Every structure is written in C-alpha cells, then in structure tokens.
Amino acid sequence: MSELSRRDAAKRIARFGALLAAVGLDGPLGSALAQDDPVLAGRPLVRYPEKTDLILLTSRPPQLETPMKYFDRAITPNEAFFVRYHVFPIPLEVDLSTWRLRITGRVERPLELSLDDLKTKFPRAAVTAVNQCSGNSRGRFSPRVLGGQWGDGAMGNAEWVGARLKDILTAAGVRQGALQATFDGLDKPAFPSVPDFVKSLDIARIMEDPDILVAYQMNGAPLPMLNGYPARLVVPGWYATYWVKNLSEIEVVDQVFEKFWMKPGYRIPDNACGCIAPGTAAARTVPINRMTVRSFIASPASGTRVPAGRPVTLKGIAFDAGYGIQEVQISTDGGSVWRRADLGADLGRYSFREWSATWTPSQPGAARVMVLAFNRIGESQGREALWNPAGYLRNVIEHVDLQVG
Amino acid sequence: MRRILGPGLLLAVLAASAGAAADKTIPMPADHAYATLKPGPGVEVTRQQCVSCHSTDYIVMQPRGNAKQWDGVVTKMIKVFGAPVSDQDAKTIVEYLATQYGN
C-alpha cells in the first residue's frame, strides 16, 4: 500500500473514531430476546441512528436484525428494517447539494443526476417488494457454515418509490454491445486492498423489468441513512445483495463484471436447487439471484404459553420471488394435518403476504405449529433444509414451539 | 397567507424546508462490548489486527472451528481482503482463535 493511501485510511478511521466518541449506545437488552433460540441467544438489542431496537449481529460495519415480532404485518416499519453493510467505513453524511448519481461507461450521454433530477426528470414508479439478505437464517444451517450468523430477521418489506432504472439508462443511451451495468455506493473500504462493494446486473434484465428502481422513498419517507439514503437500487424478487445502498455510480460495461462481490462472493451452486451435499464443494457456481419461497409465524412467538380450549390467532407473512403467494397452510400437529390459512390484502406479487389462522389447542403440553407456503407456480418449502457452503437460499417449513396450558 | 404568519413561525417554516434539502448526518455507535475477545495468549495482536476493518463480533459469532478453519479465515482476510497482516501475526492470530474459539 502506498504511503498516501495509508495516510488516507488512517484519516478516515480517525474521523470515524471521533464520531464513535460522540455517541453512546443503549445498554444490552438481550434478556428481551427468545433465549431458547440458539442463534439469537446472548445477542443484545441496540438502537442505531433512525432505527428502533434491533438485534445486533455486528457493530462495524453494522449488521442489525429485525425482531420476529415485526413480521405479523405486511409492511416493515423503516425504523425496524434490517441493516447490512459489507465494508467499513460506511457513509455517515450526505450533502444533497453535492450528491450525484453518475451514469458512466458505455453510454452515449454520461449523466450526473441530483436527487431532484431523479424526482422530476423521470416518471415516478412504485413497487412493494421484499428485501431479504442472501444469508438470512444462515445461523440455522446444519452443518453450520461460516459467515454472518443471522437468525430470520435479515428481511423486510416496504413500498419503494423512485425512478425506473431502465428509464435512467435509456436517458443515458446504452451503447451497442454493452452487457452489464455495475452499481457502486458511498461505502468505501478504509484500505484500498479491500474490495469495494460493487454489484452488477445484465442490461437485458434491466431493460425488460420496469420494477427495478432507483428508489428515493421508502414507505412514504426518505430512506434512513442505514437503508441507503438518499437512493438505493431496488431489484424486486432478487436477494438484497443487488439492492446497492447510498447509490452513487452506475457504470455500463461491455463484459461480465466479476470483481469480488460478484465472484467469488455471493455465488450459489449451478443447479436447480442451488444446493449440494453438506461438506462438499460445488463444481460450478452462478451469481445468486431470485429468492426462494418462505413463510414465517410471527405471533405467537416461539416459547409462548397459550391456554388450552381458547382460540389463538396465528399470524405471519409469506413471500417468494415474484410469482406471488397462492396459498399458506398451517399444521398444529407437527406436520400430519395441514389446513389453509386466510390471506391478507394482496400488495403485489413481490410483497410480503400477510396470513392468519385461528387455532384452539385442546391438549395441554408442547405444541409445534408449522407454516407452509405455495406460490402461483407451485414452488414451496421442504421439510428438510437444503444445504450450500455459503448459507444462502434458506427454504424450509418454519415452525414455532408453544406451551399449551 | 404570508401576512398572518408571525416572523417566528415563518422562520420555522423556512428552516424546515431548508432542512429537507440539507446534509443528512448520523452518528455511529461504538463497537458493542458483548463481542469482547476472550483473554489468552495472542488476544492483543488479534484484536489490533482485526478491528482496523471490523468489530470483533465478526469473530465471536462464527461456529467454533479447529486451526484449519481459522487458518482459512485468516488467509482469506489477507489474500482476498488485503489485510496488511504479517506472517508472524497471522500465525499468532490462528493459534489464538483455534485455542479460544476452537471446537
């Protein structure tokens, strides 16, 4: 590393340190979490700027998990939305008078767009879509795998408003032969040897999908800084790794972009299930892409005691990669008998779909309640979780264990 | 409309509209103490080398592993992420992690 870049790195860390000193941290509230959950046990609740109490995965770069109680409804509040950064330092300040989204590379007309440009020069588009980390629930993999040991809260659903990415690229004029666009945000590693977080999408995919947005609004408000202020990419149906936050540059390139976070990072086995036998390595891999079908029981929380002979309302959400949820079923006898849950309002095919069901437990003792979702092309979840070495694509029938009586 | 706003209220309105377009700055909480590394030979070298890029929860949350696992992790930090760690320090870190966070 050159002396200059070392000095620069030291300066950035020093500046960050000054900010660290300027703020305290809420005390650990770990006892509030389900201590019977081995993945969450011992992890504190913390309150970061513009956020409510979230479960700490890592302090720096920050990774914060949404408690399960927020998934009893379709829309995840901005303040409860999970946070996941890859490199440190992260952006802590944005000046809109100087912030620009630059469109560069293989385009006819390079652009520098202000936030006002994004809002006024392009039609306003909206989509309600799930943003889920590729590694959500990685902590539940068996055998365990290295990486962020998330529980199930690295996901959220919001109404995103912004400019269509295809409209922005059309305004810039994509040149013949361009293959991909790359996306870079304001987060820059302290050392130049650390790979910057840059992702890519195929131009063909972008131009045929009007729901891919550069979003400047989340649930009717500006994005929290830690969720990508002032604008982030929204790629409905695909994992959050593509939803680049604090977006600052889009470069159109004429080859497949294969820097670290596209290869070898964020790859899945190149087969129909994205899975391999535990402990083995994949012969061929592809970049992770569309999400698997998932469903969760948010209420009652696992470990809750419910009275026998009285109706209990079960609530939660289900989602997939954009075919839309067709049906949610629940079982209260460990998976022998299944019955349909009631579905809530349809907020669009990329959204969480609320579900609810009423259950009157009769026998005192332990009861396992399970949830199973199907999308419109019949994709569902298995009884046994599939495995891959990076802990991606979690897709299994979920459950809560309750005490009756 | 403007006439019925007092000067104080008018200022407040101007401040609010200016605020919407101005800088957004957030402070950043310090690394949380729950991830403090266990004491043992090599803990200081491990802490110093690792925290220049990330907090120590990145270490303590991982599945327990033998020296081979931790050597793989430390090698990845150096080779893939370009962490400026000497061979000697890398050896110390692997020994520390395999002892304190071993299986």
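How many bridges join strand β20 (residues 325–331) of chain A to strand β24 (residues 365–375) of chain A, and in which sense do the two strands run? The points below take up this pairing first, in what is a predicted model.

1. **Strand pairing around β24(A).** Strands β20 and β24 of chain A are joined by six bridges and run antiparallel. Within this pairing, A:S331 stands opposite A:M370 of β24(A). Strand β24(A) is also joined to strand β25 (residues 398–404) of chain A, here through seven bridges and again with the strands antiparallel.

2. **Domains of chain A.** The domain assignment divides out domain 1, covering 101–265, and domain 2, covering 294–404. Their C-alpha centres are 30 Å apart. To the contact, domain 1 of chain A contributes 18 residues and domain 2 of chain A contributes 15 residues. On the side of domain 1 that touches domain 2, the largest share, four residues, is supplied by strand β8 (residues 124–132) of chain A. By class, that side of domain 1 consists of six nonpolar, eight polar and four charged residues.

3. **Contact between chains A and B.** Chain B places 26 residues in the contact, and chain A places 37 residues there. On the chain B side, the elements giving two or more residues are β1 (24–25) and α3 (57–60). The side of chain B that touches chain A comprises 15 nonpolar, seven polar and four charged residues.

4. **A strand pairing across the two chains.** Strand β5 (residues 93–94) of chain A pairs with β1(B) in the antiparallel sense, over two bridges. One residue pair can be named: A:E93 has B:T25 of β1(B) as its bridge partner.

5. **Helix α4 of chain B.** Helix α4(B) (residues 67–79) has 13 residues, and from its first C-alpha to its last it reaches 18 Å, close to the 18 Å expected at 1.5 Å a residue. Which of its residues are buried? They are B:W70, B:V74 and B:M77. Because these residues cover an arc of only 55° around the axis, they are on the same side of α4(B). An α-helix has 3.6 residues a turn, so residues three or four places apart point the same way.

6. **The two faces of α4(B).** The buried residues of α4(B) pack against α5 (87–100) of chain B. The face turned away from the buried side carries the exposed residues B:K68, B:K76 and B:K79.

Definitions and conventions
Residues numbered from 1 in each chain as written. Chains lettered and ligands numbered in written order. Predicted model: local features only at pLDDT ≥ 70, side-chain atom pairs only at ≥ 80, totals over all residues. Domains from an automatic or database assignment. Contact = placed C-beta atoms within 7 Å. Nonpolar A, V, L, I, M, F, W, Y, C, P; charged D, E, K, R; others polar. Expected span 1.5 Å × (residues − 1). Buried ≥ 20, exposed ≤ 12 C-beta atoms within 10 Å, placed from the backbone. Arc of directions from axis to C-beta. Pairing = 2+ DSSP bridges.
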